[in-house]
Structure formats: structure tokens, C-alpha cells
Amino acid sequence: MLLTFLRYRYTKARMSAYVNGECTPETRRFIARQIDSDPRCYQEYMRVREIKAQLEAEMPRLGKPEDAQLSAIWANIQSEMAQPAPEPVPQARIRLRPRYSLGYSVAMLLLAIIMLTPFAYDGQKSAPSGIVQHPLPEVTAAVMTPSADSTNEASAIVVAAQTDPSETRTRPPQFNTPAPRTPPQS
């Protein structure tokens with residue numbers, strides 16, 4: 001369907017040249033086949049032939065030029081072609097677009113902002129990260145030490161407190177744990 005439409009458009013565009021005998025032989029054969037096979041092409045062919053006939057009928061009223069008139073027109077054309085073309089007058093140059101467009105300016109501004117943003121913030125005054133940091137726990141170890149009266153008493157000895165050496169703030173006080181209970185001695 002699309003191919004027939006494209007053939008019709010091709011034929012219609014060249015119909016006037018076909019009727020006036022201005023086509024190549026290959027194009028004439030193609031258009032003749034289309035006129036025979038497609039009714040729309042045949043209607044276009046008939047329309048162009050009628051227009052040509054009307055023009056041929058009307059031309060004598062306007063008058064046909066004589067050979068002397070055509071010779072005079074051709075001589076005027078040749079004399080105008082022989083004259084050198086006048087040099088164009090230089091006109092003021094009009095700039096329609098600015099030298100640098102607005103898009104380049106905006107791109108450069110954004111690039112400058114991106115490049116200078118790290119220098120605008122002070123590293124020590126940055127906002128907290130939102131991650132809560134808890135103090136490190138203290139490590140205690142229970143060591144069994146024998147006493148003089150050979151009763152089993154446990155005493156808690158603080159072995160070490162884990163602290164972060166880079167941490168400079170003071171740690172909050174830890175809760176005191178009660179001493180272990182010992183049974184009463186009798």
C-alpha cells in the first residue's frame with residue numbers, strides 16, 4: 001500500500017515532464033506503466049493533458065514572439081552577462097548571536113561553584129555525622145587471691161580501662177558496682 005502511494009507521488013510529480021516529452025526513456029516507460037495500472041495516475045495524466053491543450057489554445061491570443069524580438073532579448077541578456085558584476089557594498093556586520101552563549105556561562109558558573117565548595121567549609125566546624133559514639137567499656141577481671149585465713153574470697157581488680165588515645169574529651173563517670181557479698185564469718 002505504501003509502495004503504491006509512493007509510486008503515485010513519483011508519477012504525479014513527473015507527469016508534466018512526461019506530457020511535454022522532457023523525461024528520460026526509462027522514466028517515460030515507468031510512468032506509462034503506472035498510467036496503465038493505476039486509475040489515479042490516469043486521472044492525473046488526463047488533467048495535465050487538458051491543461052496543456054488549454055495553454056496551447058490561449059497562447060495565440062497573447063501573441064507569439066517574432067524572431068527579431070527574440071534576437072533583441074537574447075542580445076540584451078548577453079550584454080548584461082558580459083558586464084562585470086558590481087562589487088557588493090560592505091554593510092555593517094550585524095551580530096545575531098552573542099559571542100559566547102548563555103549556556104556556556106551557566107556551565108562555567110556551575111563548574112566554579114563545584115570547584116570552590118570544599119574551600120567554603122571549615123573541617124572542624126562540620127556538622128555531626130549523626131552516628132552516636134558510645135564510650136568504650138572498661139575491662140575488669142576477677143582474680144582469685146587466697147587470704148591468710150584460707151577462706152575463698154574474691155576480690156575484683158581492675159586490670160585496665162580501654163580508652164581511645166586520640167580521644168581528648170573527658171569520659172562520664174562510671175557507675176560503682178557493689179562489692180561481692182561474702183558469707184558472714186563465725
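Modeller: Two residues are in contact when heavy atoms lie within 4.5 Å. With that in mind, Cys 23 can be read through the residues around it: setting aside residues up to four places away in sequence, Cys 23 touches Arg 14, Ala 17, Tyr 18, Arg 28 and Ile 31.

Colleague: Before we continue, what kind of model is this, and how are residues numbered?

Modeller: This is a predicted model, in which local features need pLDDT of at least 70 and side-chain atom pairs count only at pLDDT 80 or more, while totals for chains, interfaces and linings use all residues. Residues are numbered from 1 along each chain as its sequence is written, and side-chain values use heavy atoms, with hydrogens and water left out.

Colleague: How many helices and strands does the protein chain have?

Modeller: Both are DSSP runs numbered from the N terminus (helices: H or I, at least four residues; strands: E, at least two). Here the protein chain has 6 helices and 2 strands, in the order α-α-α-α-α-α-β-β from the N terminus on. Among contacts between residues at least 6 apart in sequence, 43% join residues at least 24 apart.

Colleague: Where in this order does Cys 23 lie, and is Cys 23 buried or exposed?

Modeller: Cys 23 is placed in the loop between helix 2 and helix 3. Burial is judged by relative accessible area (buried under 20%, exposed over 50%, partly exposed in between; 1.4 Å probe, protein chains only). Cys 23 has a value of 17% and is therefore buried. Cys 41, at 0%, is buried as well. Of the 186 residues of the protein chain, 8% count as buried.

Colleague: How many disulfides are there?

Modeller: A disulfide requires a pair of cysteine sulfur atoms within 2.5 Å. By this rule the count is 0.

Colleague: Which residues make up the largest nonpolar core?

Modeller: Such a core joins buried Ala, Val, Leu, Ile, Met, Phe, Trp, Tyr and Cys residues through side-chain atoms within 4.5 Å. The largest one has 10 residues: Tyr 8, Met 15, Tyr 18, Val 19, Cys 23, Ile 31, Ile 35, Cys 41, Tyr 45 and Val 48. Helix 2 (15-19), helix 3 (25-37) and helix 4 each give two or more residues to this core. Beyond its neighbours within four places in sequence, Tyr 45 is in contact with Met 15, Tyr 18, Val 19 and Ile 35.

Colleague: What does Gln 34 touch?

Modeller: Gln 34 lies in helix 3 and, with a relative accessible area of 10%, is buried. Not counting residues up to four places away in sequence, Gln 34 touches Arg 7, Thr 11 and Cys 41.

Colleague: How many salt bridges are counted?

Modeller: The rule asks for a side-chain nitrogen of Lys or Arg within 4 Å of a carboxyl oxygen of Asp or Glu. The count is 2 salt bridges. In one, Arg 40 meets Asp 38 at 3.6 Å, N to O; Arg 40 is partly exposed at 35%, whereas Asp 38 is buried at 13%. In the other, the closest N and O atoms of Arg 47 and Glu 44 are 2.6 Å apart. Arg 47 and Glu 44 both lie in helix 4 (residues 39-62), 3 residues apart, about one turn of the helix. Arg 47 is partly exposed at 41%, and Glu 44 is buried at 8%.

Colleague: Which residues make the nonpolar surface patch?

Modeller: Patch residues have over 30% relative accessible area and no salt bridge; like charges are joined within 9 Å, and nonpolar side chains (Val, Leu, Ile, Met, Phe, Trp, Tyr) within 5 Å. Leu 70, Ile 73, Trp 74, Ile 77 and Met 81 make a patch of about 540 Å². Met 81 belongs to helix 5 (residues 67-82) and is exposed, at 63%.

Key. Areas by Shrake-Rupley, 256 points an atom, 1.4 Å probe, with all protein chains shown as cover.
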